[in-house]
Amino acid sequence: MHQNTTPTQLERRGIMAAGSEALNTVKATEPTQWLAPSPELSENARAALKSLFSSLRPFTPKSPFNELLVEEDFDAEQIWQQIDIQSQPLISSLRREVKRYEKNPEEIKTLKVVVEGEEKVLESQNEEKDSEDFDEESDDEEEGDDVEENEDDDEDEEEEEEENVEEEEEGDGEKNEIEDGFFNVKALGKYLKTTEAEEYENESEEGADEDGDEKDEEDEAQELMNLDESEDDGDGKGARYEDFFGKKELSTHKKEISIHDKDLSTHEREQLKLKAEIEQREKTMLDPKTWTMQGEVTAAKRPPNSALEVDLDFEHNVRPAPPITEEVTLAIEDMIRKRIEQDLFDDVQRAPALPTKAPRERKEMDENKSKKGLAEDYEREYVQKMNPDSGPLSSKDEQKHEAEMLFRKLCLKLDALSHFHFTPKPVIEDMSIQDNVPALAMEEIAPVAVSDAAMLAPEEVFSGKGDIKEEAELTQAERKRRRANKKRKFKVTAKKMAKKPRDSNKDIIEAM
Amino acid sequence: MQSNEAPSSMEVKAVANGAGSASGTLPPKPSFEPLKAHEMSDGQVQFRKVSVPPHRYTPLKKAWMQIYTPIYEQMKIDIRMNLKGRKVELKTRRDTPDISHLQKCADFVQAFMLGFDIIDAIALLRLDELYVESFEIKDVKTLRGEHLSRAIGRLSGKGGRTKFAIENATKTRIVIADTKIHILGSFANIKVARDSLCNLILGSPAAKVYSKLRAVTARLAERF
């Protein structure tokens, strides 16, 4: 960007004059003429913009541009950006000024006229611009980019001028009974509109402030102050003098309101009181209840450490633990010592499990072929049914019997081992095969281990005649003899076998 | 005073007093003794014939006297073997006390022919309520080839253990003849044994059958 030297006063005036001419021509053109692009119109527009820009330049010390660069090379977008850079801080500063004037209307009178010529020029054009502003606004969307910046600047200036004018008129307005130096109904109305507009611009949540219609006339002024303060807080644009020191005025305002009360009739006062009460009640109803009044509240739903502040009352199902004092510990220790001496511990003993019913004897699966026939089985069952006393000889009893027998034998042997004066038990006749036990064994007094009675004489072990030879010692002749004997014996038995069945069959047939 | 005395003997007694009977014209009621088996069907002899399968021929020869003695002496039924026709023939005698004896003997011989032992079959003579039930494996489930062989093996168990276990538990006797199964015992016991055998045929392992058997027999035993 090329540097511009700051123009001299004269040059500036010249530029201003040219600019105002251009502005007039721009305004004079009919809306339809804007449809077709013409270089004349664009030149005029550029000149007008440039003049406006320069006129506003003194108010924007921080702007990077000294002049608006509107040569032919510059695009609409570029021109707009330059204007935008200048106007943004300007708008915010203007807003601040307006607010300040709203709060302190007297200051308007002390307003210094910075550049007389410009002011006058602008003021003369004030009324003309009012009607045309609306036309130009409607053309905005249809036209090219050239005009838009022009009109935006106009609007901003219009607003500023209008508000300045109106604020000057504030002091001259008619007074109602309620109005005093601080309060003006009209100003209130306008203020409310602007705040609403600003709310939508800033997108700040101040919905509570919009019920201005329903408020009491008493409280409106107070709320004005509150609104201002809360607005500022909401924007977050830093602490202000009013924040800290403004409150003093609040208190004075309050006093004035209370004095103000006496001017109202009793009926009105009562009405106001009722309204206040209704308001209060409605508010409590509509607001969400405090967390203590809500049902079940988790820790997340209530503010931190709030349960400590509230006096909670709930049932303790547990007896509180007894406070431990020295006496208590001494008593316990004494008891412990006594118990140890007495060996009297309260050990938990397992309760003996009583069998609910006699254990049912489980019949074991006998996988052997039953020695008794079916008839005997049923016979046994029948006898059991008829005589319950006969006592079922179950498998368990049989096993017991068997075990008893074995034990008796064992005891006999042990008794024989243990003493010399041994009297043998009476013999129970048992059809069991005994082998190699001589008859003398039972009557021998000497202990069994010592005596030779159990030992059989060699003749008893084997009684054979003649020369006994082993298999390997036999000669061939002897082997043949042996085989011949065998064959002879076999023949005899075979014959006997052959004879028998034939004879028996005959008998059977004859018997029938 | 007149006292009505019950007649002491079965003989016909004519009512002496005419005052006791309102209608004295009716003849006295006859009383008969029960018919003997021999006299039934107009004195004709009752026959039963039981055919002998070839595989039971030799065992029959060996155990003939054991069959003959109780039938002839205790049941009083004539019995003979028809060698040509391979049949055992039974006939009532004059002094056969009851007609049911003939049937019992026939059942006894039939049981022996099916394959039961003499000592087990004798129970049929002694007890009334014993029956023989026969069924085939294919009645339960159609099995072929190896499956059939395996089923038969399952029924008997190793060395006949399973069969004996069922026999002992249910107080029955079981004969497994290839695909035919015969059960000898009382009605309820037959049912239990049959259920166990059917389960074995259908494929359940022996241990499962044992456990069921144990439960059922315990219940049966408790009932009495």
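1. In this predicted model, the side chains of A:E67 and A:K50 meet in a salt bridge, with 3.9 Å from N to O, where a salt bridge is a side-chain nitrogen of Lys or Arg within 4 Å of a carboxyl oxygen of Asp or Glu. The pair links distant parts of the chain, A:E67 lying in the loop between α2 (39-56) and α3 (76-103) of chain A and A:K50 in helix α2 of chain A, 17 residues apart. A:E67 counts as buried at 16% relative accessibility, the classes being buried under 20% relative accessible area, exposed over 50% and partly exposed in between, with a 1.4 Å probe and protein chains only. Helices (H or I, at least four residues) and strands (E, at least two) are DSSP runs, numbered from the N terminus.

2. As to conventions, residues are numbered from 1 along each chain as its sequence is written, chains are lettered from A and ligands numbered from 1 in the order in which they are written, and side-chain values use heavy atoms, with hydrogens and water left out. Local features need pLDDT of at least 70 and side-chain atom pairs count only at pLDDT 80 or more, while totals for chains, interfaces and linings use all residues.

3. A second pair in chain A also links distant parts of the chain, with A:R482 in helix α17 (residues 476-511) and A:E471 in the loop between α16 (458-461) and α17, 11 residues apart; the closest N and O atoms of this salt bridge are 3.2 Å apart. A:R482 is partly exposed, with a relative accessible area of 39%, and A:E471 is partly exposed at 45%.

4. In chain B, B:R150 and B:E146 both lie in helix α7 (residues 146-156), 4 residues apart, which is about one turn of the helix, and they form a salt bridge whose closest N and O atoms are 3.0 Å apart. B:R150 is partly exposed at 44%, whereas B:E146 is exposed at 58%. Over all chains the count comes to 25 salt bridges, and A:D377, A:R380, B:D120 and B:R173 are linked in a network of them.

5. The largest nonpolar core has 36 residues, of which B:L60, B:I67, B:I71, B:I79, B:V88, B:L90 and B:V109 touch the most other members; such a core is a set of buried Ala, Val, Leu, Ile, Met, Phe, Trp, Tyr and Cys residues joined through side-chain atoms within 4.5 Å. The elements giving two or more residues to this core include α14 (374-386) of chain A and, from chain B, α3 (64-75) and β2 (77-82), and the largest share, 9 residues, comes from α4(B). Apart from this core lies another, of 24 residues, among them B:F135, B:A151, B:I166 and B:A169.

6. Helix α4 (residues 99-114) of chain B has 16 residues and reaches 23 Å from its first C-alpha to its last, close to the 22 Å expected at 1.5 Å a residue, the expected span being 1.5 Å times one less than the number of residues. Among its buried residues are B:L102, B:C105, B:F108 and B:V109, and just after α4(B), B:G115 takes a positive phi of about 130 degrees.

7. On confidence, the mean pLDDT of chain B is 86, and 85% of its residues reach 70 or more, pLDDT being the predictor's confidence in each residue, from 0 to 100. Over residues 1-21 of chain B the pLDDT is below 50. Where pLDDT is low, the predicted coordinates should not be read in detail. The predictor gives the complex an ipTM of 0.76 and a pTM of 0.39.

Key: Contact means heavy atoms within 4.5 Å.
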